[in-house]
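Good morning, and thank you for joining this group meeting.

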Amino acid sequence: MSELAIKYLRTLALVTCVLAGLSVAASAQNSRPRRVNPPDTLLGPAPKSPPATDRNAPLVDVKPSKPVGNGPVSVDTTHAYELLQQKQYAAAAKEAKQIATSYPDNSEAWKIAGFSELSLKQYGEAAADLQKAYDLQRGARQEDWHTADALAEAYVLSEKFEQALPLLVSATARPTNQPDVIFYYYRGLSEFKTGKVTEAERSFNAAVKANAKDTASLYFLGQIALTRGDLDAAIASLNRATVADPRMASAWAALTSAYLRRAGTAGETPKADADNLSAVRAGEGLTRVRTDEDAVRLFGQALISAKQYPRAAAALEPVAGPSAKAVTFYLLGVAHSRANNFPKAITAFERANAKAPTDMNVYRELGYAYEKTKQYAKAFALYQRALQASPDDADFKESLERVRPAVKQP
């Protein structure tokens, strides 16, 4: 390869690092809390009559003889509870809310309403009603861990992580009535979202210890490791996540980026070559579950890093439509350029330049392609524009002088 070509290859590694970072950041923003199957795991056994006296027992009682607060003895939540058991959640919520509206000190009505709304995925309403039930229980010194755990879950699923965290800390530290293992994940997520990264890592590790196939916790462990630059740990966690759930696109994307970043730190070595091939395999996993522009672009980037240029061009072409981003056209141009298909490279770079007219990497690649196709006048004009935007760039100065004789400029 000529010295000129080597010079223009320099920019690709920089773009690789930038794109890898962007991919991981986007994955982190897109992650959402997941959900178990309440109320079955949280509501506890059906109530018995007379009411239980154990303060840890569920407070959904049939005809309570001593209701919490000042609600009248005649208030009966039996039918609402039966509707909840029958999974008629909308009807249960409606009936329980009617009772709670008339008798706001009835914690059982608020609790049934909250559990019903949780099952209806009405997380904000569930949190509000469960909080009322929990406050009434605490006021009567009859706290119920089922209500507390359901409230914690409602807060997590409504993305109110600050409110969820104290409840989750209590749930995961409880010596008896251990919660579902997903509560370790919920705790880690709440800590992560509130900036307590060290604590989050401990919680995610506890979740993985309890369930080795907890893909969400493995994913976040990979993200935390990526943030601190521990690429080996990140790759280990993300590989486990993709094995446990081959459909988890965010894990495949983060794994692809992690391999590219590690390859970029290894220089031109066999280890870098191996990581680039691993990035290609991870990109293949990603594009099996996602075929949007961002996913395909990351896969194309991996193929370019692995020097599989024709394959990269073939992958990128279908997503390089009118609405595609400038970086997609840039990578498509790089793939064609490295495969010595300069006419197609020029087309891609010109479209990238139109979308990102201040990107100097596009100027370098497009100028090089113009030179290779002996379009010296275009190359000269392009280098002049580049120097106007970046007057101290030595490469553009050298390039301009190199093509000057060919266009007979003064």
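This is a predicted model: local features need pLDDT of at least 70, side-chain atom pairs count only at pLDDT 80 or more; totals for chains, interfaces and linings use all residues.

Leaving aside residues up to four places away in sequence, Tyr 184 touches Thr 172, Gln 178, Ser 203, Ala 206 and Ala 207. Tyr 184 is found in helix H9. Is Tyr 184 buried or exposed? Tyr 184 has a relative accessible area of 18%, and because the cut-off for buried is under 20%, Tyr 184 counts as buried.

Let me place this residue in the context of the whole chain. The chain holds 21 helices and zero strands. Of its 410 residues, 52% count as buried. The accessible surface comes to about 19000 Å², and carbon and sulfur atoms account for 52% of that surface. Among contacts with a separation of 6 or more, 57% are between residues 24 or more positions apart.

I turn now to the aromatic rings. Which residues form one aromatic cluster? They are Phe 183, Tyr 185, Tyr 186, Phe 192, Phe 204, Tyr 219 and Phe 220.

With ring centres required to lie within 6.5 Å, the count comes to ten aromatic pairs. In one of them, the ring centres of Tyr 185 and Phe 204 are 6.0 Å apart and the planes stand at 40 degrees, so this pair is tilted. Tyr 185 belongs to helix H9, residues 182-193, and Phe 204 to helix H10, residues 197-210; the pair therefore ties together parts that are 19 residues apart in sequence. Both partners are buried: Tyr 185 has a relative accessible area of 1%, and Phe 204 has one of 0%.

Phe 192 and Phe 220 form an edge-to-face pair, 5.0 Å centre to centre with 65 degrees between the planes. Phe 192 lies in helix H9 and Phe 220 in helix H11, residues 215-227, so here the parts tied together are 28 residues apart in sequence. What is the relative accessible area of Phe 192? The value is 23%, and Phe 192 is partly exposed, whereas Phe 220, at 2% relative accessibility, counts as buried.

Finally, I draw your attention to a charge and a ring elsewhere in the sequence. Arg 364 lies over the face of Phe 396, at 4.5 Å from the ring centre.

Methods: Residues are numbered from 1 along each chain as its sequence is written. Side-chain values use heavy atoms; hydrogens and water are left out. Rings of Phe, Tyr and Trp (its six-membered ring) pair if their centres lie within 6.5 Å; planes under 30 degrees apart count as stacked, over 60 as edge-to-face and the rest as tilted. Helices (H or I, at least four residues) and strands (E, at least two) are DSSP runs, numbered from the N terminus. Buried means under 20% relative accessible area, exposed over 50%, partly exposed in between (1.4 Å probe, protein chains only). A charge sits over a ring if NZ of Lys or CZ of Arg is within 6 Å of the ring centre and within 35 degrees of the ring normal. Contact means heavy atoms within 4.5 Å. Accessible areas come from the Shrake-Rupley method with a 1.4 Å probe; for residues, only the protein chains shown count as cover.
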